[in-house]
Amino acid sequence: MSKKSILSLMRPTGKLHLGHYLGVLTNWVKLQEDETFNCFYGIADWHALTTKFDETDSLKQNTKEVLLDWLAVGIDPNISTVYLQSLIPETAKLHIYLSMITPMNWAERDPTLKDMVKIMKEKGSNEDSLSYGLIGYPILMSADILTFNAEYVPVGIDQVAHIEITRDIARRFNNIYKTDLLIEPKPKLTEIPLLKGLDGNKMGKSFHNDIKISDTEEDTTKKIMTAITDRSRLRKTDLGHPDECEVVFPYWKIFGSNDEIKEIEDNCKKGLIGCADCKRKLACKLNQKMAPIREKRNHYENNPNELKEILIEGSKKARVKAKEVLEQVEEKVMVFR
Ligand code: TRP
Ligand code: SF4
């Protein structure tokens, strides 16, 4: 029996943070270790262009950063197919075919379009100047998934509406062309261990409250020292409330061993450890965990040719599958070949 395909892409927005690592990438790594799956992981540089068409200088660098982060945390290009969206022309062709059969209002009902509109308004555009490409975002995403006939798409809850559109488009294609060629993909929701930002809000690049996978030990320690703690605790000897410590104690629960968590909890409650000490210890712990990851990242950063080769070879491998699917699609739509 052939393996089921798993596929997901990420827009190249720059260096990834620990929220991406724990919320998304650990899951991707776990999926690649499951031998019943064939994993495709892509960098969606075309999707980045839907809003950042005028920021192409940073696009290349951001693509590199994302790839470095992926490899660092253990995405293995010998197991998974790691590729760049724009190196798969079959996806662009499929996008055209799908765009012919997708009603406008399917694209327009996409709930994330509102967020996109907001981004564009911040850039000074108005509703009427939204590009054709941006409205087509979910159709391009459908093309990503359907070019590889992926069964499962690991995504966050915010992307589920896109997968729904993909299913609708696949079904419509199959109906129109009287085939069962395109598989209706299912979202594979990741249980996200919500890692808060250092200020207690959602971790996000634009909130300046994140720790990057690529941060140095010094930067990590500095950042952890700014994290909020139990706000009612003013002096070291005040009794602490780990449950009301919004960031540092939850981080301990994620990164510490059971014994360490217990020890911090007890000492905090008894006023035997100060918050500064507690944070210094946490930073040490985190740096220890991140050390091998950062070492791997540095290796690839210092070997840009190897890095480039991985993306090019991965994309070549991806195209083999993409061509197979597209050939069958074109047989159905009877385009002259
Ligand atoms: N829209 C996705 C995001 O912003 C990125 C993406 C593009 C994607 N193509 C995809 C995700 C295909 C899954 C499958 O996160
Ligand atoms: Fe939070 Fe640690 Fe301070 Fe307790 S000692 S309140 S767990 S930072």
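1. Buried area is the accessible area, taken with a 1.4 Å probe, that two parts lose on being put together, summed over both. This note applies that term to a predicted model, in which local features need pLDDT of at least 70 and side-chain atom pairs count only at pLDDT 80 or more, while totals for chains, interfaces and linings use all residues. Residues are numbered from 1 along each chain as its sequence is written, chains are lettered from A and ligands numbered from 1 in the order in which they are written, and side-chain values use heavy atoms, with hydrogens and water left out.

2. The protein chain is assigned a domain 1, covering 4-195 + 303-333, and a domain 2, covering 215-297; such bounds come from an automatic or database domain assignment. Taken over C-alpha atoms, the centres of domain 1 and domain 2 are 36 Å apart.

3. Between domain 1 and domain 2 an area of about 890 Å² is buried, and carbon and sulfur atoms give 71% of it. On the domain 1 side, Leu 18, Ala 72 and Leu 195 supply 49% of the area buried against domain 2, more than any other three residues. Counting contact as heavy atoms within 4.5 Å, twelve residues of domain 1 meet eight residues of domain 2.

4. Two residue pairs are in polar contact across this interface, both at pLDDT 80 or more; a polar contact is a pair of N or O atoms within 3.5 Å, where within protein one must be able to donate a hydrogen and the other to accept it, and residues adjacent in sequence count only if both atoms are side-chain atoms. On the side of domain 1 that touches domain 2, α1 (18-33) and α3 (56-73) each supply at least two residues, and α3 gives the most, with six residues. Helices (H or I, at least four residues) and strands (E, at least two) are DSSP runs, numbered from the N terminus.

5. A salt bridge is a side-chain nitrogen of Lys or Arg within 4 Å of a carboxyl oxygen of Asp or Glu, and by this rule the count comes to 19, with two found across the interface of domain 1 and domain 2. The side chains of Glu 65 and Arg 297 form a salt bridge at 2.8 Å, N to O. Because Glu 65 lies in helix α3 and Arg 297 in helix α13 (residues 275-301), this pair ties together parts that are 232 residues apart in sequence.

6. Ligand 1 is surrounded by 13 residues, the closest being Arg 11, His 47, Tyr 137, Asp 144 and Gln 159, where a residue counts as near if one of its heavy atoms lies within 4 Å. An N or O atom in the side chain of Arg 11 is 3.0 Å from an oxygen atom of ligand 1. A nitrogen atom of ligand 1 lies 2.7 Å from a polar side-chain atom of Asp 144, and a polar side-chain atom of Gln 159 lies 3.0 Å from a nitrogen atom of the ligand.

7. Leu 9 sits in strand β1 (residues 4-10). Leaving out residues up to four places away in sequence, Leu 9 touches Trp 28, Gly 42, Ile 43, Ala 44, Tyr 83, Gln 85 and Asp 144.
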